[in-house]
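Please open the model in your viewer and keep the sequence panel beside it. The stops below each begin with something to select.

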Amino acid sequence: MKYWLLVVLAAVFEVGWVIGLKHAATPLEWFGTVIAIIVSFGILIYASGVLPVGTVYAVFVGLGTFGTVISDMVLFGSPVEPLKILFIFTLLAGVIMLKLATPDDSGTGGEQ
Amino acid sequence: MAWIYLILAGLFEMVSVGFMGRLQQRKDILSFVLLIVGFSASFFFLSLAMKVLPMGLAYAIWTGIGAAGGAILGIVLFKEPKNALRITAITLIIGSVIALKLIS
């Protein structure tokens, strides 16, 4: 479970740098964007030691998209459309389904 | 040409996910370097493609190739579990991401 929470954390940083790439204007904001890229991929590499790498990446991309679409609607006034809400639900359903169907010790690293 | 850049970007993303798996298995510097170079190349070609193609479309196709390809590589190269529920779930995630990128 701990490692799934790490993937969630990596996705939070991903949302940070996606917003940064689009909106950063000052050197400090660009610095924060670069740090967020490094942190999100660092966590991702760490998590893929315990969870399957293909799974980790799919969840990372999925949750990153979820966070970006939500923050676009909440922070940047992008329109809230029924279709968006529908695909947000199917996306989260996929992530939860994948979590339930993946054994915790099935990582790419370790004793193989 | 933009479409070729886009496909290259997706392929680089896909092999980079493979390098991440290689890094976990071998724990060597070369895998780490390949991982960094792979993702950098992927972003570079994506940015070239986005100069011509609409951003949502380019991002959706890039994600589709990269994440689906990464999941397939994981199953083929690293023997990751491949029961029907997992494959359905990964398909659902990637399909939803592509749809969201296309309509956003």
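Select chain A and colour it by secondary structure: read along the sequence, the chain follows the pattern α-α-α-α, with four helices and zero strands, where helices (H or I, at least four residues) and strands (E, at least two) are DSSP runs numbered from the N terminus. This is a predicted model, in which local features need pLDDT of at least 70 and side-chain atom pairs count only at pLDDT 80 or more, while totals for chains, interfaces and linings use all residues. Residues are numbered from 1 along each chain as its sequence is written, and chains are lettered from A and ligands numbered from 1 in the order in which they are written.

The chain averages 88, and 93% of the residues score at least 70; among its helices, H1 (residues 2-23) has the lowest mean, 90, and H2 (residues 27-47) the highest, 94. Along the principal axes, the C-alpha atoms of chain A fill a box of roughly 45 × 35 × 20 Å.

Next, select helix H2 of chain A, which has 21 residues and reaches 30 Å from its first C-alpha to its last, close to the 30 Å expected at 1.5 Å a residue, the expected span being 1.5 Å times one less than the number of residues. Which residues of H2(A) are buried? They are A:Ala36, A:Ser40, A:Phe41, A:Ile43, A:Leu44 and A:Ala47, a residue being buried if 20 or more other C-beta atoms lie within 10 Å of its own, exposed if 12 or fewer, and partly exposed in between, with C-beta atoms placed from the backbone. Seen down the axis of H2(A), these buried residues fall within an arc of 155°, so they line one face of the helix; the arc is that of the directions from the helix axis to the C-beta atoms. They pack against H1 and H3 of chain A, where two residues are in contact if their C-beta atoms, placed from the backbone, lie within 7 Å.

Turn to the other side of H2(A), where A:Pro27, A:Leu28, A:Phe31, A:Val34, A:Ile38 and A:Gly42 are exposed. Centre on A:Gly42, which counts as exposed because it has 12 C-beta neighbours inside 10 Å. A distance drawn from A:Gly42 to A:Ala10, C-alpha to C-alpha, spans 8.2 Å, although the two are 32 residues apart in sequence.

Now show both chains and select their contact, which takes 32 residues from chain A and 31 residues from chain B. On the side of chain A that touches chain B, the elements giving two or more residues are H3 and H4 of chain A, and H4(A) gives the most, with 11 residues.

From there, move to helix H4 of chain B (residues 84-103), whose 20 residues reach 28 Å from first C-alpha to last, close to the 28 Å expected at 1.5 Å a residue. Its buried residues, including B:Arg86, B:Ile93, B:Val97 and B:Lys101, pack against helices H3 (53-74) and H4 (82-101) of chain A together with helix H3 (55-77) of chain B.

Finally, select residues 6-23 of chain B, one of the ranges that UniProt lists as "transmembrane region" in an unreviewed entry; such positions are given in the numbering used here, feature names are shortened, and annotations may be inferred rather than shown by experiment. Over residues 6-23 the chain is 100% helix and 0% strand, with the end C-alpha atoms 26 Å apart.

Note on methods
pLDDT is the predictor's confidence in each residue, from 0 to 100.
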